[in-house]
Amino acid sequence: EKLAIGVDEFVSIVIAKDLQDQNKNLDFILRALEHASTEVGRNLTLLLVGKNGGSFISPWVSVRWLGELTAAQIAEVAGAADCVLSASIAESAGLTIVEGAAMGLPSISLENGGTASSISHGETGFLVRDMESFVSNFTTLAKDASLAAELGKAARKKANRLKPDQIANSYIELYESMT
């Protein structure tokens with residue numbers, strides 16, 4: 001079925017294999033959106049893709065669990081999104097951020113591991129360290145459609161440079177420079 005989204009909604013997407021995985025820190029994202037909901041001035045929708053997402057609810061944010069989807073379905077759903085969110089407390093590569101960037105979506109993520117190399121703060125999205133900065137940057141993005149579009153365009157360009165073989169070569173070069 002087609003995903004119906006209102007024209008005045010700001011739509012965020014979280015993609016995880018298991019949304020209940022404590023490392024994914026989805027409760028943090030939901031609390032952040034609830035805090036931001038009073039400041040944004042638009043309806044907020046959070047799309048959840050992955051298994052075990054049915055228990056996430058909020059009186060202030062429309063939470064829509066879509067279940068496990070194929071890559072083609074995720075691409076279609078992401079087309080309705082305005083940004084990708086990640087609050088993982090441990091992330092090796094931040095692949096959902098790169099996948100979202102390839103579709104022209106900016107990201108907001110806790111700064112850790114692979115997310116720090118996937119997002120250029122203020123250029124392709126926002127790297128944050130705590131709830132206050134997550135809410136602040138989310139609010140800024142949700143209130144400014146031209147900023148979201150600009151960051152998304154830059155994110156797409158960066159994603160084109162983040163090919164697996166290029167990433168591997170950069171790590172090899174880094175390790176070789178250390179020996």
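Which residues does Glu111 touch, not counting residues up to four places away in sequence?

**Entry 1: Glu111**

The model I am reading is a predicted one. In it, Glu111 touches Ala116, Leu127, Val128 and Arg129, once residues up to four places away in sequence are left out. I looked up where Glu111 sits and found it in the loop between strand 5 (107-110) and helix 4 (115-118). Its relative accessibility is 35%, so I wrote it down as partly exposed. I also checked a distance from Glu111 to a residue in another part of the sequence. Ala16 is 95 residues away along the chain, and the C-alpha atoms of Glu111 and Ala16 are separated by 17 Å.

**Entry 2: the chain as a whole**

I counted seven helices and six strands. Reading along the sequence, I noted the order as β-α-β-β-α-β-α-β-α-β-α-α-α.

Next I looked at size. A compact globule of 179 residues would have a radius of gyration near 16 Å, and the chain has 16 Å, so the two agree. The C-alpha atoms fill a box of roughly 55 × 30 × 30 Å along the principal axes.

I looked up how much of the chain is covered. Of its 179 residues, 44% count as buried. The accessible surface comes to about 9500 Å², and 52% of that belongs to carbon and sulfur atoms. For contacts, I took pairs of residues at least 6 apart in sequence; 62% of these contacts join residues at least 24 apart. On charge, I noted 15 positive and 22 negative charges, with mean positions 4 Å apart.

**Entry 3: helix 2**

Which residues of helix 2 (residues 71-78) are buried? I found Ile74, Val77 and Ala78. They cover an arc of only 95 degrees around the axis, which means that they lie on the same side of helix 2. What do these buried residues pack against? My note reads: strand 1 (9-18), strand 2 (43-51) and strand 3 (62-67).

**Entry 4: Gly67**

Strand 3 came up again when I looked up Gly67, which has its place there. Is Gly67 buried or exposed? At 11% relative accessibility, Gly67 counts as buried, because the cut-off is under 20%. Leaving aside neighbours within four places in sequence, Gly67 is in contact with Leu48, Val49 and Gly50. I also recorded the distance to Gly53, which is 14 residues from Gly67 in sequence and 7.1 Å from it in space, C-alpha to C-alpha.

Thr96 touches Ile15 and Val84, not counting residues up to four places away in sequence. Asn43 is 53 residues from Thr96 along the chain, and their C-alpha atoms are separated by 24 Å.

Ile97 is buried, with a relative accessible area of 2%. I listed its contacts, leaving aside neighbours within four places: Ser86, Ser107, Ser109, Thr115, Ser118 and Ile119. Gln22 is 75 residues from Ile97 in sequence and 18 Å from it in space, C-alpha to C-alpha.

Last, I looked at backbone angles. Most residues other than glycine have a negative phi. I wrote down two asparagines with a positive value.

Where is Asn25? Asn25 has its place in the loop between strand 1 and helix 1 (26-40). Its phi is near 60 degrees, a positive value in a residue other than glycine. Asn25 has a relative accessible area of 21%, so I noted it as partly exposed.

Asn52 is found in the loop between strand 2 and strand 3. Its phi is near 65 degrees, again positive in a residue other than glycine. At 37% relative accessibility, Asn52 counts as partly exposed.

Conventions. Residues are numbered from 1 along each chain as its sequence is written. This is a predicted model: local features need pLDDT of at least 70, side-chain atom pairs count only at pLDDT 80 or more; totals for chains, interfaces and linings use all residues. Side-chain values use heavy atoms; hydrogens and water are left out. Helices (H or I, at least four residues) and strands (E, at least two) are DSSP runs, numbered from the N terminus. The radius of gyration is taken over C-alpha atoms; the globule rule is 2.2 Å times the number of residues to the power 0.38. Buried means under 20% relative accessible area, exposed over 50%, partly exposed in between (1.4 Å probe, protein chains only). Contact means heavy atoms within 4.5 Å. Accessible areas come from the Shrake-Rupley method with a 1.4 Å probe; for residues, only the protein chains shown count as cover. Lys and Arg count as positive and Asp and Glu as negative; His and the chain ends are not counted. The place of a charge is taken as NZ of Lys, CZ of Arg, CG of Asp or CD of Glu. The arc is that of the directions from the helix axis to the C-beta atoms.
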